[in-house]
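Hello,

Here is the structure I promised to hand over. Please have a look at it first, and then read on for my notes.

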Amino acid sequence: MADYYEILHTVGFEETNLVGNVYYVNYVRWQGRCREMFLKDKAPAVLEEVRHDLKLFTLKVDCEFYAEITAFDELSIRLRLEELTQTQIQFTFDYVHLTDEGERLVARGRQRIACMRGPNTATVPSRVPEQLREALAPYAVDRKGE
């Protein structure tokens, strides 16, 4: 079993700029999509909580770019758990260009979210739901070598 959750994506023309390479904002969109699909596939009960009063607030997003990609490039967007506290989660995302010659890391991103509950005018921090903690466990970054 892989130590990451993966979605596959084929870059479309609408995701490129006038020069022909992928416009930077799409990397953030792909992070969101990967996170959503993770919840759908691995923690569907958490989605039910989101429909009620759980809120997943994105606190921080970043992305470092190593190489350009263009329309019709095949990508693997790979989510890993970098940090888990009582109320917050930090993910890493590897953007891997898949070719006949192999794989090439083209970007790496991070996203930090906070779990909150309550009405929009009075939200308060909330513990990360247990089902989400359990779903994330297999994807934790191994820090032994650091």
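Let me start with a question: does Lys55 count as buried or exposed, and at what relative accessibility? Lys55 counts as buried, because its relative accessibility is 17% and the limit for buried is under 20%. Please keep in mind that this is a predicted model.

Lys55 sits in strand β2, which covers residues 54-65. Although buried, Lys55 has no salt bridge; Asp53, the nearest side chain of opposite charge, is 6.5 Å away. Leaving aside residues up to four places away in sequence, Lys55 touches Ala114, Cys115, Met116, Gly118, Asn120 and Thr123. Between the C-alpha atoms of Lys55 and Arg117 there are 5.9 Å in space, though 62 residues in sequence.

Arg117 does have a charged partner: Arg117 and Glu49 form a salt bridge, with 2.2 Å between the closest N and O atoms. That pair links distant parts of the chain, with Arg117 in strand β5 (residues 102-117) and Glu49 in helix α2, 68 residues apart. Arg117 is partly exposed at 21%, and so is Glu49 at 26%.

Helix α2 (residues 44-52) also holds Glu48 and Arg51, three residues apart, or about one turn of the helix. Their side chains meet in a salt bridge at 3.2 Å, N to O.

The whole structure has twelve salt bridges. One of them joins Arg80 and Asp3 at 3.3 Å, N to O. Arg80 lies in strand β3 and Asp3 in the segment before β1, 77 residues apart. Arg80 is buried at 16%, whereas Asp3 is partly exposed at 40%.

Note on methods: Residues numbered from 1 in each chain as written. Predicted model: local features only at pLDDT ≥ 70, side-chain atom pairs only at ≥ 80, totals over all residues. Heavy atoms only, no water. Helix = DSSP H or I, 4+ residues; strand = E, 2+ residues; numbered from the N terminus. Buried < 20%, exposed > 50% of the residue type's maximum accessible area, 1.4 Å probe, protein only. Lys, Arg positive; Asp, Glu negative; His and termini not counted. Salt bridge = Lys/Arg side-chain N within 4 Å of Asp/Glu carboxyl O. Contact = heavy atoms within 4.5 Å.
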